Amino acid sequence: MSTDHKKPSALERLQSKIATNGQTQLKAISEVKERNSLVSAVNEASLDIELITPNPFQPRKVFDHEKIIELAEAIKENGLIQPIAVRAADDGYQIIAGERRFRACKYLGHTRIQAVIFDADDEATAMMAISENIDREDLTDYEVGQAIQNIAHLFKKKTELSRYTGKTRSDIYRYLAFNDLPDWVKGRLNGNPSLINRNNAQLLVSFFKEADYVESQHKEHVLAAFNMVEESALTQTLLIPKIRRLIRDAENPRRQSDNVVSKKYALNGKNVGGFSFDDNKVIIKLNSALITDEVANSIYQMVADALAELDAGSDN
Amino acid sequence: MQASQDNAYLCPIIAVYNQKGGVGKTTTVVNLAAEFGRKGCAVLVIDVDPQANASTHIGAIDPNLYEKNAIALFCDKKTRTDIAHLGALISQDVNDGFENVCYIPSTDQLDIVVTETLRIHSNRPLEELKARLTLLRDAFDVILIDCPPALSLLTGNAISAATHFMIPIDTSSDYSRTGWVNLMTYIKDKTPETNPDLVYLGALLTRHSESINVQKAIAQSFDELEMEMDLFPGVGKRLPVYIHTSTKVGEASVLREPIRKTARSNKVTKDYNDLADYLLETLSIQQSLKA
Ligand SMILES: Nc1ncnc2c1ncn2[C@@H]1O[C@H](COP(=O)(O)OP(=O)(O)OP(=O)(O)O)[C@@H](O)[C@H]1O
Ligand SMILES: [Mg+2]
């Protein structure tokens with residue numbers, strides 16, 4: 001009896017732990033494989049660069065030429081670190097991942113390129129290009145939006161799309177809003193994908209749907225605001241307010257004051273506040289420790305009286 | 001009143017590095033982490049070795065299964081500024097014996113992904129890790145980085161991010177020494193730009209025996225080398241504590257526990273305890289423990 005219950009020896013304990021460790025690892029690996037099973041690697045080869053075509057699902061619209069040259073220099077120095085990924089297409093190969101490396105090698109005048117040939121279907125190709133690209137820091141919202149649009153139909157629910165892309169659901173809707181923009185806006189975006197961020201894409205889509213938006217009359221103002229963004233004269237967060245302003249100014253011309261007034265209040269030679277006045281607002285800022293309630297109230301009353309007078313005036 | 005002073009504590013970040021493989025880097029990180037944790041420190045282990053040995057040893061989950069891992073410490077723009085995103089990378093599922101220890105797991109893809117991404121997309125490819133770890137310095141008492149055995153972009157990042165580094169040296173052969181000279185030259189050349197305040201803690205002799213002539217001789221050669229190269233005005237040269245050899249180290253790795261749990265009265269257990277005490281003292285880590 002007692003031998004049946006003998007304590008495991010040190011060796012037995014180690015043996016059993018090693019066995020468990022091994023099983024845990026194999027299980028994890030097979031889980032990961034399953035997750036990635038859309039794609040199975042076939043082989044690696046050196047391919048004729050002329051036989052290779054870009055991935056139609058490639059979300060990146062603009063390739064920064066300088067960055068490509070930089071990469072080319074690196075490849076020239078160190079060789080191609082990582083083969084590109086392709087799959088067999090009609091009479092050649094289509095890139096799944098590595099379009100920048102491909103462009104860099106072309107730039108260097110290489111005639112062959114090292115590639116891993118995958119046996120991937122369309123869906124997997126789209127996904128690989130996306131997952132290769134979607135988190136790259138320099139990809140614009142518009143490009144990510146296009147990429148998400150390309151694969152959106154593969155998912156039954158937005159939650160699945162959200163999980164796959166690692167974006168929140170509300171972000172997914174913002175990205176997808178790019179697709180609902182009119183063609184003339186998309187045209188601008190194709191030339192300059194960073195013109196509109198995903199927030200503005202969504203805001204613009206709703207703006208265009210507003211009842212008093214009339215494209216034939218208002219389009220020029222939207223374009224003017226785009227130009228200002230491109231000239232860095234307008235930050236993206238103010239895009240929609242600016243468009244509204246431009247439209248209002250055009251329909252309702254008023255005295256334009258470019259003068260920005262900005263003055264300081266001082267007490268005993270020390271700054272205690274300021275007064276500024278531009279096209280948007282008037283700001284009075286004062287350190288409240290220095291101001292009695294009475295003075296504060298009289299400032300309020302003065303402004304309120306001035307507004308009351310305007311109100312009375314507009315009735316006539 | 002003392003609370004505001006405690007807030008000012010920025011913990012040391014210790015990189016354990018040697019481009020020679022198998023010298024005891026991971027063993028040191030894992031057991032030091034356990035000792036620090038046992039003494040009440042909040043410890044964070046960053047695994048930047050694609051072999052993921054430290055992750056496997058400390059973590060209760062296979063590193064393959066983590067959705068978030070050290071890749072995001074280098075490539076995800078959000079973790080640069082957003083502490084919430086950064087915090088999401090930290091795992092607390094640790095094996096028994098690692099109290100107070102958290103870690104950020106590695107993955108076998110780490111090297112490929114980081115090298116490819118940073119080379120193209122980063123203006124300061126050697127300082128990505130630093131930008132992230134800086135955000136975590138007031139949240140832990142000590143941060144340990146386990147490095148891969150290579151002079152790669154990953155280790156370059158670890159060396160820029162660290163406030164201190166130590167170099168485990170396996171004295172059983174002469175190979176560590178050649179590596180050490182190259183390495184110190186590299187660090188001396190590189191860090192003045194990226195990390196001028198880096199402090200060299202010293203060489204940590206591992207699997208060392210003072211009673212074996214060759215080991216004793218190699219150990220002494222380090223003292224001379226360090227003097228000759230006059231490298232860093234660090235706290236120490238050769239660390240005052242060295243690590244003995246024990247078969248229990250291997251056993252502990254199988255059992256996925258600190259050596260203290262496998263063999264409480266083992267020499268190596270005591271060595272890592274002493275090393276932790278020495279570092280607590282030298283780096284004033286204990287100050288934060290008084291709170
Ligand atoms: N003090 C020691 N006594 C006996 N064996 C040890 C000791 N320290 C480490 N080892 C053994 O040496 C081997 C290498 O150790 P470890 O993995 O810690 O080295 P490393 O430097 O992290 O390796 P790598 O460069 O591959 O990351 C392991 O098998 C470990 O168990
Ligand atoms: Mg290691």
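The model is predicted: local features need pLDDT of at least 70, side-chain atom pairs count only at pLDDT 80 or more, and totals for chains, interfaces and linings use all residues. Residues are numbered from 1 along each chain as its sequence is written, chains are lettered from A and ligands numbered from 1 in the order in which they are written, and side-chain values use heavy atoms, without hydrogens and water.

**Chain A as a whole**

Chain A holds 12 helices and 8 strands. These are DSSP runs numbered from the N terminus: helices are H or I with at least four residues, strands are E with at least two. Of the 316 residues in chain A, 34% are buried. Buried means under 20% relative accessible area, exposed means over 50%, and partly exposed lies in between (1.4 Å probe, protein chains only). The accessible surface of chain A is about 20100 Å², and carbon and sulfur atoms hold 50% of this area. Areas come from the Shrake-Rupley method with a 1.4 Å probe; for residues, only the protein chains shown count as cover. Among contacts in chain A with a separation of 6 or more, 63% join residues 24 or more positions apart. A contact means heavy atoms within 4.5 Å.

**The surface patch**

Y265(A), F277(A), V282(A), I284(A) and L286(A) make a nonpolar patch on the surface, with about 400 Å² of accessible area together. Such patches use residues with over 30% relative accessible area and no salt bridge; nonpolar side chains (Val, Leu, Ile, Met, Phe, Trp, Tyr) are joined within 5 Å, like charges within 9 Å. A salt bridge is a side-chain nitrogen of Lys or Arg within 4 Å of a carboxyl oxygen of Asp or Glu. Strand β8 (residues 282–286) of chain A gives the most, with 3 residues. L286(A) sits in this strand. L286(A) is partly exposed, at 32% relative accessible area.

**Aromatic pairs**

The whole structure has 7 aromatic pairs over all chains. Two of them are in the table.

| Pair | Centre to centre | Plane angle | Type |
|---|---|---|---|
| Y66(B) and Y103(B) | 6.2 Å | 90° | edge-to-face |
| F165(B) and Y200(B) | 5.1 Å | 35° | tilted |

Rings of Phe, Tyr and Trp (its six-membered ring) pair if their centres lie within 6.5 Å; planes under 30 degrees apart are stacked, over 60 edge-to-face, the rest tilted.

Y66(B) lies in the loop between α3 (53–58) and α4 (71–75) of chain B, and Y103(B) in strand β3 (residues 101–104), 37 residues apart. Both Y66(B) and Y103(B) are buried. F165(B) is in strand β5 (residues 164–170) of chain B and Y200(B) in strand β6 (residues 199–206), so their pair ties together parts 35 residues apart in sequence. F165(B) and Y200(B) are both buried.
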